[in-house]
Structure formats: C-alpha cells, structure tokens
Amino acid sequence: MTTPDVDSPQQARELDEDTFYACLTQRNRGLIPADLQARIRRTRLLVAGCGSIGGATVQPLGRTGYRHFVLADVGTYELNNLNRQHATVDDLGRNKAEVGARALRGINPHVDVEVVPDGVTQANAEKLVEQADVIVDGVDVTTPTGLAAKVRLHQEACRQRKPLVTGWDMAGMLAAQVFDYRQIRRIFDGELLPGDEERLATWEVIFRIAPRAYIPAEMYRELRSGLRRPDYSVPQLAEAATQFGSLAVHMVNVLVAGRKLPRTVAVDVHHIAMTPGRRLVDDLARRLERVRFLARLPAEQAFHGFAPAPVYRAARRLARGSTSTLREGRTA
C-alpha cells in the first residue's frame, strides 16, 4: 500500500483509519514483519499503573501500532513525579491513566482506549485481565494498597493464563521481567506464597518479588539509611524509569509474535557508562553493599526478604507443620 505524504494535523485527521495506520507504521516496515504488525493492530493491552514504569510504555506502544488499550491507575500527577514520568506541569492533579489516554489519542485518533481511574481492585481485577491479551504491570509497590493491587493482578493473570511484562527501576538500573502465565503456574515464580502479602511487612514482600540479583550498590546504600525513616520515599531517576518503554515494547512484540523471552532483562545505564576498571569496582561494591544491607536488617526480616525461593518455601512448610502439631497437642 502506497502511503501519502502527510504533514499537517488536518490532513492526518482526514485520512481513513486504514490509511492512517499504514502511514503511522510505515517506518516499522522491514524491521517489524507485516504479519506481526497485523497482530499488533489486533492485540488488546492492559497497562495497569501508568506512572513511572507503566507510563513509560504507553506512548511507545501506541507509536508501534498497538491500538486497543485499557489504562488503569488510581493516582494523579504530583510535581515530584515530573523528574521521570511522562507529564507536564499542566497535568498536575490529573489522573495518570487519563493523561496517558489523551497522549494515545494525540498519536492515533483511531485508538480504542478505556480509562479505569479506580486502578486494579478486588472488584475489577478479573474483568481487567479478561479484556487483555497481554498485560503491562506498572503498579506501584511502595504503598501497602499498591502492593496488594500488584499481587492481585498477578494472581488473576496466573488464573486466566495471560502473559505479563513488568519492570523495576532502581537507581540507574531497569530490570524488565516477563511472567508468561500461559506457561508458569506460580505468581512471581513462587517467590511469594499465598497470604504473604498480609503476613509479611511491605518491604519484606517487595524484596521477595523484586529481582534481587540486579539491585545496584548505590540502591543498597540508599536503602540502608532510608528504610529507617518512617516517611521514606524511594528515589527514582528518569534514566532508569524511561528505559522500560523500550524494553517493554520489544518484549510485548515478542510475546505477540509467539516467541519466548528470558525471565529478566536488566540494563544499568550507570554501570555500562563506566570505564572497565570502574565497572569492576562497582561489581565488587554491589556484593559488599548487599552484605552490609542484610547485616543491618533483623535476621527474620533478612530471611523473609532474601532467602532463595526453595529455602523460603521449605521453611514455610515446616513452620505450618509445627503450628499444626502444636494445635493438635493443645486439642488433645
């Protein structure tokens, strides 16, 4: 299909939907096969959480040619978000999902986008996941309500067997993860057990589900002092958060194409921009700072957050068995 030259808003809006889409995706040709582009056009996406992580994916996905979206976020923009999120001063006080939808409509007037300003809730999780072919999880984990919403989203994605992409930004590192629940049957690969989101403290849950192997030294140093403060807010940087837009678009494309992906793809821009000698020092510092961080934590918290999944599961089974035996003894 020959696409016309279009260089004005009026001309673009006068195009029929097929011609507009052909023009929009013209520069994808040769790198995105025609059959994959056709799948992209049909695929339904749920972006749950439209702030730092999820918000970084909305516009790149729209520009790639995705056109069926459900955007869910309960939050509104604050000034401290603007160091890394896709918003301006004019967006302050506005719902993040609504701002994302407006950006999508500005890229493609034919986009089909639904805004869910309640975010992911117990009441709507089943329906939200049901509507999606692929899920992008950008739900914030720094509050108990956000963490509960993230766990609920993964539980529902696992139950309905839907593929999910998520990300973690820490200092200069972005770790993008794929949980293809069409293939795996435990949320977060079994790192989190049923009821943990209620039994464990917020930070214990976060460390269980975060990609611990990729936490950089500078993040451990920051957390070592920060977690002692009751009003602590985790710092986040643009160079990490915005990377998820690039990584997530490619990962979603691969899932839509029906191919497999590694569980985690991590890029630390601070680390890769160092000289070779400085990178070696940074590698050693990460190991040292991890040990220093764990040494500061109470032993029980360190175990709950950082024990390998098989060890953690075995300890939980043993604890449950001991509790059952004790109860039976009391009953007798």
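Begin at Gly-65, which in this predicted model has a positive phi of about 125 degrees and sits just after helix 4.

To see which ones, colour Ser-52, Ile-53, Gly-54, Gly-55, Ala-56, Thr-57 and Val-58, then Leu-61, Gly-62 and Thr-64.

Next, select strand 1, residues 44–48. The rest of the structure largely encloses this strand, because 4 of its 5 residues are buried. From strand 1 the chain passes through helix 4 and on to strand 2, making a right-handed β-α-β crossover.

Now bring in strand 4, residues 134–137. Strand 4 also runs parallel to strand 1, and 4 bridges join the two.

Centre the view on Val-47. Which residue is its bridge partner in strand 2? That partner is Leu-71. In strand 4, the residue opposite Val-47 is Val-136.

For the last stop, select helix 9, residues 202–209, together with helix 15, residues 299–306. Their axes are 7 Å apart, and the two helices pack at an angle of about 35 degrees. Show side chains for Glu-204, Phe-207 and Arg-208 on helix 9; they meet Gln-301, Phe-303, His-304, Gly-305 and Phe-306 of helix 15. Sorted by class, this contact consists of 3 nonpolar, 3 polar and 2 charged residues.

Conventions: Residues numbered from 1 in each chain as written. Predicted model: local features only at pLDDT ≥ 70, side-chain atom pairs only at ≥ 80, totals over all residues. Heavy atoms only, no water. Buried < 20%, exposed > 50% of the residue type's maximum accessible area, 1.4 Å probe, protein only. Pairing = 2+ DSSP bridges. Right-handed = clockwise from strand over helix to strand, strands pointing away. Axes fitted to C-alpha atoms, helices over the stretch in contact; angles between N-to-C directions. Contact = heavy atoms within 4.5 Å. Nonpolar A, V, L, I, M, F, W, Y, C, P; charged D, E, K, R; others polar.
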